[in-house]
Amino acid sequence: MTTKDVPPPLARAVIDRAAQERLDDGLLDRIRTDADTRVLLLHGDRAPVGSPATLQWVAPDAVPDGAVWAFLGRDDAHRPVAVAALPASADEPVIPGVEWAGLRAVGGDLDADEAGRFVQGLSIGRWLIDAPFCPACGGETRVEQAGWSRRCLQCGRQHFPRTDPAVIVAVASADGERLLLGRNAAWGDIPTYSTFAGFVEAGESLETTVEREVAEEAGVRLDRILYRGSQAWPYPRSLMLGFTAHAVADAEARADGEEILDVRWFTRDEIRDALAGRGEIRLPGRASIARSLILRWVGE
């Protein structure tokens with residue numbers, strides 16, 4: 001089995017978040033009127049994308065009324081970078097010459113900086129739209145720290161964006177020559193197979209979660225669990241922590257029949273055919289850490 005590292009596409013960016021500037025109470029007001037500000041405009045979970053795949057940044061005066069703003073940081077030219085998020089229920093803004101695309105569709109095709117900005121903007125933008133009220137008392141909140149916190153106007157509590165840890169694991173056979181993948185019920189009739197994943201429950205370690213999820217979904221006990229890397233996944237607010245593992249000898253996989261409808265062992269040739277678009281199955285998209293773990297196993 002290869003030891004080649006395959007970094008997840010959405011974990012490559014090294015971007016200047018300029019977090020110290022968030023304490024400036026007037027920052028958002030200034031960047032809204034600064035012509036140098038680059039704005040990532042979001043409609044639901046989609047952004048304007050050109051061809052070839054590049055984010056189409058807009059000027060502050062092109063942002064429709066009703067958008068919620070957050071400061072994302074500074075670009076290489078030290079220009080402010082912001083996100084302005086609209087709910088999916090709002091009218092889609094008209095921007096000539098672009099298409100609106102989601103992170104799942106284009107994240108793997110963007111360069112590292114733009115992919116990182118898309119993940120960052122989508123993560124904070126969705127939280128700002130989804131959490132206008134205090135979860136403790138139900139009171140209305142106001143945005144603080146340039147979009148990175150909310151304070152309840154009724155009880156005074158300060159709230160921050162949540163990040164929910166989840167594990168994802170590529171399971172190889174005991175001899176390392178086959179890879180176990182499952183077909184999730186959420187994908188309907190589409191014959192997509194992927195690695196196994198699940199949220200960390202209260203009181204669990206990451207390794208315990210890996211063991212539990214694979215046992216629940218595929219009925220397989222594991223050995224040699226190794227951490228491989230992480231990737232933010234804002235659907236809705238996850239941090240995916242990637243692992244590889246081996247099944248114990250003579251393990252017989254079986255799907256749980258509820259969340260996972262089918263599990264199968266695949267050879268490297270079968271995985272290579274699927275990666276090339278041949279064969280009967282589909283694999284996860286290029287933006288996902290699941291695909292990176294599969295690529296790592298197959299050696300490509």
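What share of the contacts in the protein chain with a separation of 6 or more comes from residues 24 or more positions apart? The figure is 64%. Keep that in mind while you move through this predicted model.

**Stop 1: the whole chain**

Show the C-alpha trace. Along its principal axes, the protein chain spans about 65 × 45 × 35 Å. The radius of gyration is 21 Å; a compact globule with 300 residues would have one near 19 Å, so the two agree. Colour by secondary structure next. You get 6 helices and 15 strands. Then colour by accessibility: buried residues account for 48% of the 300 in the chain.

**Stop 2: strand β13 and S230**

Select residues 222-233. This is strand β13, and S230 is found in it.

Now show what surrounds S230. Leaving out residues up to four places away in sequence, S230 touches P8, A11, L239, M240, L241 and I289.

**Stop 3: strand β14 and T244**

Move to residues 238-247, strand β14, and pick T244. T244 has a relative accessible area of 5%, so it is buried.

Which residues does T244 touch, not counting those up to four places away in sequence? Select V169, A170, R224, I225, L226, R228 and L293. Take I225 from that list and draw another distance.

Note the strand memberships as you go. L239, M240 and L241, touched by S230, fall within the 238-247 range of β14. R224, I225, L226 and R228, touched by T244, fall within the 222-233 range of β13.

**Stop 4: helices α5 and α6**

Select residues 268-275 for α5 and 289-298 for α6. The two axes come within 10 Å and cross at roughly 135 degrees. α5 and α6 are therefore oblique to each other. Their crossing is left-handed.

Finish with side chains. On the α5 side, show R268, I271, R272 and L275. They meet R291, I294, L295, W297 and V298 in α6. Colour this contact by residue class: 6 are nonpolar, 3 are charged and none is polar.

Methods: Residues numbered from 1 in each chain as written. Predicted model: local features only at pLDDT ≥ 70, side-chain atom pairs only at ≥ 80, totals over all residues. Heavy atoms only, no water. Axes fitted to C-alpha atoms, helices over the stretch in contact; angles between N-to-C directions. Helix = DSSP H or I, 4+ residues; strand = E, 2+ residues; numbered from the N terminus. Parallel < 35°, antiparallel > 145°, perpendicular 65-115°, else oblique. Left-handed = near helix turned anticlockwise from the far one by under 90°. Contact = heavy atoms within 4.5 Å. Nonpolar A, V, L, I, M, F, W, Y, C, P; charged D, E, K, R; others polar. Rg over C-alpha atoms; globule rule 2.2 N^0.38 Å. Buried < 20%, exposed > 50% of the residue type's maximum accessible area, 1.4 Å probe, protein only.
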